[in-house]
Structures are given as structure tokens and as C-alpha cells.
Amino acid sequence: MTQVIELEQQLIEFERTASKSLADANAHAQIEAIRQEFLGQKGALTGILRALSQIEKEDRPRIGQLANKVKENLEALYLERKTFLDQQELERKLQTEKIDVTLPGRAKKLGHIHPLTQTLNEIEQIFLSMGFTPMLGPEVETEYYNFDALNFPPDHPSRDEQDTFYTNIDRAGPAVVLRCHTSSVQVRTMETCAPPIRAIFPGRVYRNEEINARKFPMFHQVEGLLVDRDVTFGQLKGTLNHFIRLYFGKPLKTRFRPDFFPFTEPSAELDSECPFCNGSGCRTCGNKGWLELLGCGTVDPNVLKGLNIDPEIWNGFAFGMGVERLAMLKYGVTDIRHFYNNDVRFLEQF
Ligand code: 2NL
């Protein structure tokens, strides 16, 4: 009997202590800890109930009921305290985390496609629409692909170190250069693909030049090559006139002026009427009314022969243009260095 009374008192004392702890708790972590301590699997109440086995059978239901009641009471208290703390937390959040929905939004800065990439893409797209396939090749080349196969004589000034970057000067083996035009890729294409060929050759090229508003030691070219039977200079003119019309978005007068390149014969420079002043003369065209846009010509039979293409059967035309120059003319950019300074105030205009 004393055991029963002791147990009853223990339970009542237990309820008192636990209730007080819960009432005093001020944080979620605290009430969770209290719940574990008193009501959990390894908690105090479980300990007390283990002692039930030591009391008389007829007393067990009474103590059991009391224990259950204590447990229910404490769980109710726990929930009540939890609700109170939840509420308190919500109030605090509402106070401190106020959002002013009338504030203007912060605009996300979007990146832009670089103007040179845009220009390159436009040029490629135009030639793609005429059936030309883009071909890529290495930027480091042997002298053979960069000069010899292109009919450059051994003493041609372009071969000079003043003009071309050599990577292995004074060392044994064939000279290795940074390509100074993408014509080297045309050589590789004619070496491996049987005619007919209709391809363009976009990419970076390198020339050993002093940097100024118009020159940069690395720039981009798109060259083009068509090899077929009975190709005419008229087809070259038609192809390039169509290109100019699409690139500038309006029909412009063009003229072909005789020029010279080692790899074409005859060769020509293609000028267009200045799109800024419609030919009347302005700053962009240096008051000439005309812009020099690109070089072109009939592929020299020597070049074809050197690559085992029979010039009695095949002939063709080729052209080359500077991407920076075309981008500057289209967008009115007056200094090539803008393309490489990466100043967002320039880049975000495109
Ligand atoms: C220019 C002139 C040109 C070519 C490039 C070429 C390539 C081979 C054979 C014949 Cl493999 N021609 N390319 C032809 C004429 C002009 O470029 O002023 N580029 C910026």
C-alpha cells in the first residue's frame, strides 16, 4: 500500500514539475526538450510506469488511469504552449519581416551577345542561305598552309616577322605561324574534299601590327570559296551583291575595283555606296561616298593545281572580309578597340 501511495505522489509531483517547466519555456527548442525529458520513450513517465509491475494487481488500474491522465494533461499543456509560441513567432515575423509591396522592382541585368558574335552570326546566316557550309580549322599553322599553298612567293613581305607571328623562329623544322587569314582552312578543305565546293571559313586571324583605332593584332575574318565547273566572275558579283544587300538591309550600289592577291587572278576590291550618306560623302566614308568592304577574285589556277584539282575542269571564286570592319561600318563604331575593352557601357548597346 505504501508503494501505491508513493507512486501516486510521485505522479502528482511529476505533473507539477513538468507543467511548471512547460509554462516557463520560451522557445520551441525548450518545449521539445521538455517533452522528450518527461514524455519521451526514455522519459521520466515511462520510468515511473515501469514500477507498476511491483505493485498489487488490484491497484494497477487506478495508478494506470492516473498515469494516463497525467500524460494527457501534460500533452494538452505542451500543445497549448506550442500554439502560444507559434503565435508569438508569427507576430514577431509580421513585425520584423514587413514587405513594402509598393517598392519598385529591381531590374535584372541581362547579358548581351557580343557585337562581333552577332555580326559573325549574321554573315554566316546569309551565306548559309546561299548554300555555303561553314568550315573551321587550326589557328596555329605551318608556313605551308598559311603561305606556300596559297601561291605566296618565298620573298613576299607578308611572310616577314614584322607582319606574321612565328611561334618557332630560329628552330629546326617547318616554320609555324599564327594564321594571318582563314585561307589556310580553304587549303585544308581543297586538300580533303573533292569539288564541287561551296564553303565559308569564319575565325580568328593574327597579324603583327601596332594597335590603333583601325588595327588590332587579332581580328576575325570570314572567307568564302566556291569551286565548280564553268564558274563566272558574274556569279561572284551576284553572290557578293546579294550578301551586301542582306547585310546592310537595303540595296546599295557596288563597284569592283582591280586589286591584287597572290591567290586570286584576277582580283578585285568590292566597294559599296556608303550606307550612312547614300554616297554623298560623310565622316564614315571619308567624304568619298564609297566604302571598301572586302576582297575577292577568281582562284588562281596555280593554287588549284598545287592541291591536285585540275584547272582544266574546275575553276572558282573566293572572297575574304574582316568581321570587325563590317561591324564597325554597320554600327558606326569608330575604334576597333571598343570590341576588346569589354566595357559594359559599350557592350550593352548591342
Ligand atoms: C581580304 C581579301 C581574300 C581570298 C581572300 C582565297 C583563298 C584561297 C584561294 C583564293 Cl584558298 N582566295 N581567299 C581571296 C580573295 C580575297 O581576302 O581583303 N580579306 C580581308
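Residues are classed here as nonpolar (Ala, Val, Leu, Ile, Met, Phe, Trp, Tyr, Cys and Pro), charged (Asp, Glu, Lys and Arg) or polar (the others, Gly among them). The structure is a predicted model, in which local features need pLDDT of at least 70 and side-chain atom pairs count only at pLDDT 80 or more, while totals for chains, interfaces and linings use all residues. Numbering starts from 1 along each chain as its sequence is written, and side-chain values use heavy atoms, with hydrogens and water left out.

In the side chain of E223, an N or O atom is 2.8 Å from a nitrogen atom of the ligand. For the side chain of Q221, the corresponding distance from an N or O atom to a ligand nitrogen is 3.4 Å. G320 contributes through its backbone, with an N or O atom 3.2 Å from a nitrogen atom of the ligand. The ligand taken alone exposes 490 Å², of which the protein buries 89%; accessible areas come from the Shrake-Rupley method with a 1.4 Å probe, and for residues only the protein chains shown count as cover.

Secondary structure elements are DSSP runs numbered from the N terminus, helices being H or I of at least four residues and strands E of at least two.

An open sheet of 7 strands has mixed pairing and the order 1-4-5-9-8-7-6, where two strands pair if DSSP finds at least two bridges between them. Strand 1 (133-134) and strand 6 (254-261) stand at the edges, each with a single partner strand, so one side of each is left without a neighbour in the sheet. Strand 1 runs parallel to strand 4 (residues 197-206) and is joined to it by 2 bridges. T133 stands opposite A199 in strand 4.

Several backbone features are noted. The peptide bond between P195 and P196 is cis, with omega about 5 degrees; P196 is in the loop between helix 7 and strand 4. A cis bond also runs from E265 to P266, with omega near 0 degrees, and P266 is in strand 7 (residues 264-273). D230, in the loop between strand 5 and helix 8 (233-248), has a positive phi of about 55 degrees although it is not a glycine.

A cavity is a set of points, on a 1 Å grid over the protein atoms alone, where a 1.4 Å probe fits but cannot get out; lining residues have an atom within 4 Å of a point. Grid points are joined across faces, edges and corners, and a volume is the space filled by probe spheres set on the points. The count is 1 cavity of 30 Å³ or more, and the largest cavity has a volume of about 30 Å³. Its lining consists of A18, L22, I34, R35, F38, L39, L74 and Y78. Helix 1 (2-24), helix 2 (28-39) and helix 4 (60-96) each give two or more residues to this lining, and helix 2 gives the most, with 4 residues. By class, the lining of the largest cavity has 7 nonpolar, no polar and 1 charged residues.

Definitions and conventions: On a 1 Å grid over the protein atoms alone, a cavity is a set of points where a 1.4 Å probe fits but cannot get out, and a pocket is an open set with protein on both sides within 12 Å along at least five of seven lines; lining residues have an atom within 4 Å of a point. A polar contact is a pair of N or O atoms within 3.5 Å; within protein, one must be able to donate a hydrogen and the other to accept it, and residues adjacent in sequence count only if both atoms are side-chain atoms.
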